[in-house]
Amino acid sequence: MMGRYFDGQGEGLNAEYSDGLLKLGKALSEADAVIIGAGAGLSTAAGFTYTGERFETYFGDFAKKYGFEDMYSGGFYPYRTLEEYWAFWSRYIWINRYAPIPSDVYEKLLNLVRGKDYFVLTTNVDHALIKGGFDKKRLFYTQGDYGLFQSVRPHGSSKGRTYDNEAIIRRMVLDQGYAIAGDGTLMIPDKAGIRMTVDTELIPVCPDDGEYMVPNLRSDDTFVEDQGWHRAAGRYGDFLAQHGIRAQGFFTGDSSMEPDRAYRGRILFLELGVGSNTPGIIKYPFWQMTAENKNAVYACLNMGEAIAPRKILGRSILINADIAACLEDLQEKMTR
């Protein structure tokens, strides 16, 4: 891993990291527009870890019973009853959507683009960008939201609709024996036994079609892209067009605006923690849009996975480092 930034002359990997920060700081300062691509690695950097102590604290009972070792695996487990399924998922949703953000990573990121013309495209579903202060009208959550339900079989009046879930999720976790602090922290009362099921009456049913409901997460072709999703997709496409860029990706149909070919501003595509699970949403389009715009710079912060194709390598800033540490170092450097 590259070392953190430090003053003075460095050598080896530390010098490479320092040079990357210098270039990124310059690109941020000079950019007329910043397009952020936020992936799972950014959530991890903010403390939304799905393994280790956090997993054991809230899912140790499920791990002991079923043998999985992380929240992600638990989300795909074929539970025998809906009462147990929702016991798992209500905890999962609460700590990753409604509980406090574990760190100030999003605030640091916002400080770096504050005052800039920016837009954020993300595959994350934890709502942390909004909780961290980002303007909702400058965000596009492509893959859903832990805070929404949808019908398991959207049809009729439920087609294209999602439903807020905070109230019912709260009831589910309280029903299992948890307590919720004033700031939303999920707490285990002393000597309280935690149940691995919820009462049957709490299993969510769609008010429009009578089907059971599920989290609004893209996993197959039943995923609901509601009106809010389409409005956000349109705003993203319009933002790109206003800055002379034709949007790339599967979600470009909601913008009818033609790219402003007279635009000559400097654009920074800033990719944070995007892995290889869904590269067609952020990574590949960012590469292609950078290649097609000579005034664009591509920057990638990703622990061990910061890469770029040869065609844009000369206009790329690749930093293989911990995102949280990098944002902290960059903020410190740019405020001096």
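V205 is partly exposed in this predicted model, with a relative accessible area of 41%, and the residue lies in the loop between strand 7 (186-187) and strand 8. Together with L82, V152 and Y212, V205 makes a nonpolar surface patch of about 320 Å². Since patches are made of residues with over 30% relative accessible area and no salt bridge, the value of 41% for V205 is above that area cut-off.

Two bridges join strand 4 (residues 144-151) to strand 5, and F149 stands opposite Y163 in strand 5.

Strand 1 (residues 33-38) is mostly covered, as six of its six residues are buried. A33, I35 and G37 point one way from the strand, whereas V34, I36 and A38 point the other way, and all are buried. The pairings of strand 1 are set out below.

| Pairing | Sense | Bridges |
|---|---|---|
| Strand 1 with strand 2 (residues 117-122) | parallel | six bridges |
| Strand 1 with strand 9 (residues 267-272) | parallel | six bridges |

Within these pairings, A33 stands opposite D117 in strand 2, while the bridge partner of A38 in strand 9 is L272.

Terms used
Residues numbered from 1 in each chain as written. Predicted model: local features only at pLDDT ≥ 70, side-chain atom pairs only at ≥ 80, totals over all residues. Heavy atoms only, no water. Pairing = 2+ DSSP bridges. Helix = DSSP H or I, 4+ residues; strand = E, 2+ residues; numbered from the N terminus. Patch = residues over 30% accessible without salt bridge, like charges linked within 9 Å, V, L, I, M, F, W, Y side chains within 5 Å. Areas by Shrake-Rupley, 256 points an atom, 1.4 Å probe, with all protein chains shown as cover. Salt bridge = Lys/Arg side-chain N within 4 Å of Asp/Glu carboxyl O. Buried < 20%, exposed > 50% of the residue type's maximum accessible area, 1.4 Å probe, protein only.
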